[in-house]
Amino acid sequence: MTDAPALLEANGVVKRFGALLANDVAEFAVHAGEVVALVGENGAGKSTLCKILYGYYRPDAGEFRVAGERLTITSPREARRHGIGMVFQNLSLIPALTVWENIALYVEDLPWLIGPAQLRRRMRRLADRLGLAVDPNLPVGRLAVGDRQKVEILKQLLAGAKLLILDEPTKVLAPQETEGLFRTIAELRDEGYGLIFVTHKLREVLACADRIAVMRQGRIVGTLRKSEADEATLLALMFGAASPVVAPPRSPPKAPGELALQLDRITTAPEIGAVALRDVSLTLRSGEILGVAGVSGNGQRELAEVVLGLRRQLRGGKRLWGEDAATWSVARVRESGIASIPDDALGLALIPGFTVRENLALGSGRRYRAGLDLDWRRVAADMESSRAQLHFPPLPLDAIAAVLSGGNQQRLVLTRELVHGPKLIVALYPTRGLDARSTQAVRTVFDEARAADAAVLLFSEDLDELFVVCDRLIVLREGRIAGTFSPESFNPETIGPWMVGAANAA
Amino acid sequence: MSTPFALAVLSSSVMSGTSLLYATLGELVGERAGIVNLGLEGVMLIGASIGIAVCSSTGDPYVGVAAASLAGMAAALLFGYIVIGRRANQLASGLTLLFFGFGVSALIGRPFVGAAITGLPRLGLPGLGAFDLLVWLGAPTAVLLWWLLFRTRWGLALRAVGEDPAAAFAAGRRPDVIQYQALAVAGLLGGIGGAHLALALALSWDEGMTAGRGFIAIALVIFARWNPLWAILGALVFGGAESLQLQLQARGAAVSPFLMNMIPYLLTLLVLVFWGFNRRFAAPAALGRNYFGVE
Amino acid sequence: MPHDSAIAGRWLPSLVVGRGVTRAFAIALIALAVFALLLLADGKDPLRAYRDTLVYVFGNTYGFSELLVRMTPLLMTSIAVALPSRLGLINVGGEGQLYMGAWLATAGALCFADLPAWQLLPLITALGFAGGGLWALVPGILRAAKIVNETISTLLLNYVAPLIVSFFIFGAWRSAESSAYPQSPAFVDAARLPSLDGTRIHLGLLFGLVCLALYGFALGRTRWGLEIRAIGGNAEASRRLGIPVQGYMIAVMVVAGGVAGMAGMAEVSAIQGRLVGELSPGYGYVGFLVSWLAGGNALSILLMAFLFAVVSSVGDILQITQGVPYAVVNVLMAVILFIVLGQRQIMRAG
């Protein structure tokens, strides 16, 4: 590293979203010819910090210097003018436009007449270095994801970026493409660019970075040089020391009940925007809570959808209570006693414009049928009785779902799904975004369901939660089951590496 | 099919296809920027009525065409204010423009029903026949638009807005300004389309004289896959269906004109189905959506 | 989509009625003001013109009856738009569905002319429904399978339907009577919808009112209505709740087309007495506007359809008595709609 002023320096960056403190970063700097990795779990604040640097968010506080000069960055366009470029996870390319057109849109100093020939000269040298060998006249939509990412990088560089921020770039890449990306990063660094590489995968970090900044809960908790860093140190910084978890009293372990769910080598077709499951097999018995751990985006949503009948598997078997359920419709799956608690209550489980009463009445099969209309009194009665069952006060029946708080929306979903005693509950990040009290209430609900011989498939990113609640744990990574664990192994040091693909995952 | 017959069909196809071509090109530019104008028929009618009115008053058909194009632009910009400035639903606003156009054109044209006007003069090119200026300029206009859309910064920005206004905004463009500009062009061309119908083909005014051509043009935009060059072919084909059946009738052939007139629409629908199956639908991705700014 | 799914859609939501009635009054006032300006510009006395007109329209039984006649097809074509809109679909094909309903009903009337009225009328009513319904079936399937957007497909088919009608009345169904325009032979009396003595109000009005009542009832008070509104509110959540979204899309399009088809049947059976080439002066498109202005609410549709009928009647009368061209009505409706559209800043395009 040189003694020249840093390409970018950020000090005292604070950002809040409502009550949530997303960033509280004392200092952060990147120099020319350096790759700084920004690591941490989901929700640690890495993306937020980058978006602030790129002008996408305005921070509540913070001082920024670019090449020694003090600046305020108010928009992405301004950030680009100062030489800062960012490659988002979901790239900002327009699929219908060609490669050269997407680039031309960002290059500021083109004449009025444009054509592929003009950009070719500028593109060629950089494209060769990046290993991008596609026809510039191809629409971006036809390129493989790895190539699209290269176009995005090329675009930012040609728009004048000297500092490039890469937000979880390997998330969308296949393993072979990842190698190509690392080469690109090394090339760029050698040419004198500065790079910020955001990731939660430790193997990548150790392969690419010159310096590593670890973030947790919005703060940078440690900065290491490559020579000082190894997996153990990084994991300790990322996950924190394992504190003794005070668990609420749990119902005693039960003898395994009947087989509720059987998945046998489930494989789903690859699809843009979805993770393909590969050879997923699991069993779930009544009276058991099976946790699925993993960073979100590794196939959790797809797995839940297969269980619920929302996604058809390409290969593999699915049995519910012994019956072959591979071709069951969603309605039939629900009617057989399966409840679904998705992660986005308002987006996936509720009708925003409907009242609480109307939302409760949906999706319950025959329960509320009364001739042509619905048995609204029974709906109201169920809401009343939910008070005792679910430990929180009933919601006003005429409130519109869209104006309820996030916590109340989730409670509405829980009420509806749990009120008629389902036999299998599929819960996808059910406590995400909830306050402590609601979270505790939800966990108690699952525990009681288990005591009542229901089976629960619980997807969560919160290891503490999984350790407290579950009887068994599987880790999902890149569409496969990376490991199965019983309660003796319930601690972050054992499970964490499996979640992030660390080399020492034993 | 004998040569004189073929030539007659071709010649009248070109004549009747020209107004379609201009209207289609105009709608195409608007749709490439993400705005669908169901009221194109209304714009054409306004163009036609203003064309007749001004031509009859001044005696000069070219002035009539110029006035028609300006009137069309004004109507389109009014529509633009409603859908861009007030963020109203595009389909409902378009149908409203349709009614508006019907009414306003009838009012403008009323004093000129039955008036004798001098139509657009025909200019002959050796070996190619004699057509009016707008016909000669039709294909070149399409080429010009192609070039504007695909070879200039303005065109690139316009297409970006039609695909993904948020991405265009992130790249530093202003979607609403660009959409207004696109609609100005659309209205200009739509007005010319109506003017050609009145001042070159019919040489008179009649209420509702466009007879659905505005909607045919909307279908033509889809048929042409939003590409101005294909629009030339499309206008010929659709204009040809009409003239073919007229020529056939004149020769006593027994093909139902109605069945022939159905072909363009059914053809378009079939093509859409085919593309839908193959998921290669080429519509601008943000067509019909209102853009609400950075969220 | 242009309709507000937050409206609970119950039978008599006081809030919505209030909004609809207020809006109708506002529209009527704007209409009167614009007409007055035009009359003044033309050198006429608006107050006197209004007095004459309104006396004729409201004070005269025949004048009032014509209002109801004009309103009848609008009731049905607006339901053809409103029902799919609650699902989030945009059906602009009311015009074509109307023509196909008329066509199939004519086929029945001509083929089964020997049947007694109590058999023939229900038959051609059913055929009218079937004609329109089948015409909307293809767009419905294409949309449910995500192949073609229903706005485009219904729009294209709007052009094919009148051509099919023309084909038949110029060909196989051409009436032997000489006439300026080709048309089908006149329907037998048994195929004519009965009218109220002395007026042209026909049974079709009852069909329209019944359909409107069923529409309001079904959407507000049945479980199918709840599921339809759920899909309109959040199709993805509805899918996850096990609601058969695609099935509903197809079924709703067919029913919507069928209702428009019944409007077509009523036109040929009651008003025209035969199949003619120019059946509809844009009833399908006006239906779209009525439904859109009414927010898909049954009672508001009734009000708006009535209002459109009034505006159209007033335009006709002004044309006859004051020499104001009928085209002014179109301009007027357009201006009103532009104003309303300009207010709705929070409406998103479908």
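Predicted model: local features only at pLDDT ≥ 70, side-chain atom pairs only at ≥ 80, totals over all residues.

Student: How many residues of chain C are in contact with chain B?

Tutor: On chain C there are 37, and they are in contact with 39 residues of chain B. Two residues are in contact if their C-beta atoms, placed from the backbone, lie within 7 Å.

Student: Which element of chain C gives the most to that side?

Tutor: It is α6(C), with 11 residues. Helices (H or I, at least four residues) and strands (E, at least two) are DSSP runs, numbered from the N terminus.

Student: And how do the residues of that side of chain C divide?

Tutor: The side of chain C that touches chain B has 28 nonpolar, seven polar and two charged residues. Here Ala, Val, Leu, Ile, Met, Phe, Trp, Tyr, Cys and Pro count as nonpolar, Asp, Glu, Lys and Arg as charged, and the others, Gly among them, as polar.

Student: What about chain B and chain A, how many residues are in contact there?

Tutor: There, 13 residues of chain B are in contact with 15 residues of chain A. The side of chain B that touches chain A divides into six nonpolar, two polar and five charged residues.

Student: New topic: how many helices and strands are in chain B?

Tutor: Chain B has 11 helices and two strands. Its C-alpha atoms fill a box of roughly 60 × 45 × 35 Å, taken along the principal axes.

Student: How much of chain B is buried?

Tutor: Buried residues are 57% of the 295 in chain B. A residue is buried if 20 or more other C-beta atoms lie within 10 Å of its own, exposed if 12 or fewer, and partly exposed in between, with C-beta atoms placed from the backbone.

Student: Lastly, which residues of α13(A) are buried?

Tutor: They are V379(A), D382(A), M383(A) and S386(A). Their cover includes α12 (356-361), β18 (373-374) and α14 (406-418) of chain A.

Student: What follows that helix?

Tutor: After α13(A) comes H391(A), whose phi is positive, near 65 degrees.

Key:
Residues numbered from 1 in each chain as written. Chains lettered and ligands numbered in written order.
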